[in-house]
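Look at the sequence and the structure first.

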Amino acid sequence: MAQCLRDEEGGCRRCDGELDFEFTMAFQPIIDVAAGEVFAHEALVRGINGEGARDILNRVKPHSLYRFDQACRIRALEIAHRLGCDRPVSINFLPNAVYEPEACIQATLKLAGELGWPLAQIMFEVTETEHVRDRQHLQRIVESYRAMGFLTAIDDFGAGYANLELLVDMQPDVVKADRHLIIDIDRNPRRQAIVESLVIMGKKLGITLIAEGVETLAEARWLYQRGIHLQQGFLYARPQIETLVASPVDIIEQVRAAA
């Protein structure tokens with residue numbers, strides 16, 4: 001029977017059920033440059049005809065937000081398992097879609113158990129596409145997921161609603177520095193100063209830093225030389241629908257060659 005949750009107006013918000021459109025997942029690797037291998041695969045929503053994430057999100061109506069968020073988690077794990085993924089899968093989630101963390105995670109827990117998928121190999125990324133109305137509620141979500149054994153991350157850090165304020169009261173495992181901070185970082189002193197500060201902050205807070213949107217060798221080399229070994233972006237691979245991209249050994253070797 002579907003779990004029924006109540007919103008502020010007393011209406012019923014269901015965490016499961018059918019959507020009136022289809023979607024699938026593309027996967028983009030997060031590369032551990034130091035280890036020379038894939039650290040994780042991020043699952044990114046796509047249309048079955050290749051439509052981008054924005055097109056799919058535009059089809060999500062307020063009354064189906066909860067079902068969509070739940071369906072994304074399930075679809076990402078099902079496809080990753082079918083593809084033989086042996087790395088963590090990173091899944092974006094909409095914090096405003098989760099009224100009760102323990103209730104809306106049950107289907108994910110059930111599927112992970114059925115697939116034999118370790119919870120420590122699932123990373124939930126807080127997406128910055130919507131304003132979080134209740135920061136304390138988001139803190140409870142992050143704390144609940146970490147207590148269950150999941151990894152947690154703040155996505156697109158430094159852009160939109162993903163900012164330093166989020167780190168005042170919560171402890172994610174990972175912060176993903178937004179492309180806006182990474183572009184031309186090898187020749188932009190202001191970006192360099194900000195990202196170098198993030199490295200120091202991450203070490204002090206026990207948070208792993210991932211650089212998103214890495215597109216050039218120069219960017220990758222600068223980041224690697226500053227100890228940012230986890231990197232993601234078009235330099236390494238573009239998202240591929242229902243495909244796991246192997247570690248790009250030649251690119252990794254070029255990045256490390258200048259270290």
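This is a predicted model: local features need pLDDT of at least 70, side-chain atom pairs count only at pLDDT 80 or more; totals for chains, interfaces and linings use all residues.

Author: Residues are numbered from 1 along each chain as its sequence is written, and side-chain values use heavy atoms, with hydrogens and water left out.

Reader: Is strand β6 enclosed or open, and how many of its residues are buried?

Author: Helices (H or I, at least four residues) and strands (E, at least two) are DSSP runs numbered from the N terminus. Buried means under 20% relative accessible area, exposed over 50%, and partly exposed in between, with a 1.4 Å probe and protein chains only. Ile122, Phe124 and Val126 point one way from β6, while Met123 and Glu125 point the other way. Strand β6 (residues 122-126) is largely enclosed by the rest of the structure because the number of its residues that are buried is 5 of the 5.

Reader: Which residue in β7 is the bridge partner of Glu125?

Author: Strands pair if DSSP finds at least two bridges between them. β6 runs parallel to strand β7 (residues 151-157), with 4 bridges joining the two. Strand β5 (residues 89-93) also pairs with β6 in the parallel sense, over 5 bridges, and there Asn92 stands opposite Glu125. In β7, the partner of Glu125 is Ala153.

Reader: How are α9 and α10 oriented to each other?

Author: Axes are lines fitted to C-alpha atoms, for helices over the stretch in contact (heavy atoms within 4.5 Å), and angles run from 0 to 180 degrees between N-to-C directions. Helix α9 (residues 217-225) and helix α10 (residues 249-257) have axes 8 Å apart and pack at about 60°. Angles under 35 degrees count as roughly parallel, over 145 as roughly antiparallel, 65 to 115 as roughly perpendicular and the rest as oblique. The two helices α9 and α10 are therefore oblique.

Reader: Is Asp184 buried, partly exposed or exposed?

Author: Asp184 is found in the loop between α7 (179-182) and α8 (189-205), and has a positive phi of about 55° although it is not a glycine. Its relative accessibility is 28%, so Asp184 counts as partly exposed.
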